[in-house]
Amino acid sequence: MAAVRIIDVEDEASFALVPPCADPTFDHRTCDYWEDADRGSKRARSIAPSGAARAPARPPNPFGDPAESATNPSANPFANPFAPPTGGRTFNPFAPGQDAAVDNPFAPARPARPTLAPDAPRKLAFLVRGRGVFGSYAKVLLVDDEPAAYAQFGPLSAYPRATRVRDLYAQLPEAPLPAVITCIATTITGRRQGHALALVAAVCEDLAGRGFAAVEVYPEAHSDPNATSAATPAFWLAAGFGLAVDDERFPVMRREL
């Protein structure tokens with residue numbers, strides 16, 4: 001019997017397991033369709049780091065000490081050299097060597113969070129931006145350690161295009177706001193084996209554990225299954241969702257958690 005497991009996309013290693021789209025003109029690893037309401041695209045693009053995408057180096061500070069500017073271009077020329085040391089009772093935001101995000105010494109220590117490399121793929125940055133508060137935004141289902149299905153989800157606020165679609169329908173409840181599943185996809189070889197339904201069930205269970213009362217999806221009713229990110233209404237009915245808005249082009253499916 002095949003071994004099936006589901007992992008969260010939380011770092012470069014798990015991001016590398018995101019399977020390719022059935023239609024090669026699309027790519028889960030570069031899609032920003034749901035994150036950008038105006039210009040988002042599902043098309044496949046290179047995920048190689050681009051020098052143009054990196055922030056330019058800051059020039060030396062013309063008002064600072066030339067010697068310090070050469071080694072520390074971001075040095076604050078207005079810093080108070082007579083400020084108390086970091087361990088003092090008062091915090092001077094303009095003083096050198098002090099950190100505005102110093103932990104409260106009487107509170108439990110914050111766990112260290114993994115950071116992404118400066119040249120990490122833009123899509124990965126989208127998927128992990130809320131992990132410190134919300135948790136992961138994507139899952140991959142593996143069959144014998146081979147990727148077979150992928151799902152993207154999260155709070156409604158993380159996906160402006162989903163918010164725009166939802167705003168079209170005044171009959172949808174305004175509170176509490178639902179979580180959304182924006183993408184569900186299965187590889188060609190993994191289809192018709194129940195993997196997508198199993199992955200959706202795991203996502204819904206996870207979202208319920210995070211405190212959401214409902215989850216919504218916004219499928220395109222007549223799209224090519226290989227070209228749509230949100231499956232079909234028939235799939236969501238099989239996954240336990242109900243038809244919340246019966247629209248010819250953009251129906252809304254909803255499941256109470």
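**Figure 1. The centre of the largest nonpolar core.** Ile181, Ile184, Val200, Trp236 and Phe241 touch the most other members of the largest nonpolar core, which holds 52 residues. Helix 5 (residues 195–209) supplies six residues, the largest share of this core. A nonpolar core is a set of buried Ala, Val, Leu, Ile, Met, Phe, Trp, Tyr and Cys residues joined through side-chain atoms within 4.5 Å. Buried stands for under 20% relative accessible area, exposed for over 50%, and partly exposed for values in between (1.4 Å probe, protein chains only). The structure is a predicted model, in which local features need pLDDT of at least 70, side-chain atom pairs count only at pLDDT 80 or more, and totals for chains, interfaces and linings use all residues. Residues are numbered from 1 along each chain as its sequence is written, and side-chain values use heavy atoms, with hydrogens and water left out. With neighbours within four places in sequence left aside, Ile181 is in contact (heavy atoms within 4.5 Å) with residues including Phe153, Val200, Val203, Cys204, Trp236 and Phe241.

**Figure 2. Aromatic pairs around Trp236.** The whole structure contains six aromatic pairs. Phe235 and Trp236 form an edge-to-face pair, because their ring centres are 5.0 Å apart and their planes lie at 80°. Trp236 also pairs edge-to-face with Phe241, at 5.0 Å centre to centre and 65° between the planes. Rings of Phe, Tyr and Trp (its six-membered ring) pair if their centres lie within 6.5 Å; planes under 30 degrees apart count as stacked, over 60 as edge-to-face and the rest as tilted. Both Phe235 and Trp236 are buried. The relative accessibility of Trp236 is 0%, and that of Phe241, likewise a buried residue, is 4%.

**Figure 3. A ring cluster and two charges over rings.** Phe134, Tyr137, Tyr159 and Phe212 are linked into a cluster by ring pairs. Over the face of Tyr159, one of these residues, lies Arg129, at 6.0 Å from the ring centre. Elsewhere, Tyr33 has the charged end of Arg161 over its ring, 4.0 Å from the centre. A charge sits over a ring if NZ of Lys or CZ of Arg is within 6 Å of the ring centre and within 35 degrees of the ring normal.

Figure 4. The protein has six helices and seven strands, in the order β-α-α-α-β-β-α-β-α-β-α-β-β from the N terminus. Helices (H or I, at least four residues) and strands (E, at least two) are DSSP runs, numbered from the N terminus. Strand 3 (residues 146–155) is largely enclosed by the rest of the structure, because eight of its ten residues are buried. Six bridges pair strand 3 with strand 2 (residues 138–143) in the antiparallel sense, and Lys139 has Ala151 of strand 3 as its bridge partner. Strand 4 (residues 179–186) is joined to strand 3 by seven bridges and also runs antiparallel to it; here Phe153 stands opposite Ile181. Two strands pair if DSSP finds at least two bridges between them. Thr186 lies in strand 4 and is buried, at 14% relative accessibility. Beyond residues up to four places away in sequence, Thr186 touches Ala148, Ala149, Arg191 and Ala196.

**Figure 5. The surroundings of Arg166.** Arg166 belongs to helix 4 (residues 160–166) and is buried, with a relative accessible area of 8%. Its side chain makes a polar contact of 2.7 Å with that of Glu216. A polar contact is a pair of N or O atoms within 3.5 Å; within protein, one must be able to donate a hydrogen and the other to accept it, and residues adjacent in sequence count only if both atoms are side-chain atoms. Apart from neighbours within four places in sequence, Arg166 also contacts Leu156, Leu172, Pro173, Leu177, Pro178, Tyr218 and Arg254.

Figure 6. The loop between helix 4 and strand 4 contains Pro176, and the peptide bond from Ala175 to Pro176 is cis, with omega near -10°. Asp144 takes a positive phi near 50° in the hairpin of strand 2 and strand 3, where two residues stand between the strands. The relative accessible area of Asp144 is 48%, which means that this residue is partly exposed. Ala231, in the loop between strand 5 (214–217) and helix 6 (233–238), has a positive phi near 55°. Ala231 is buried, with a relative accessible area of 13%.
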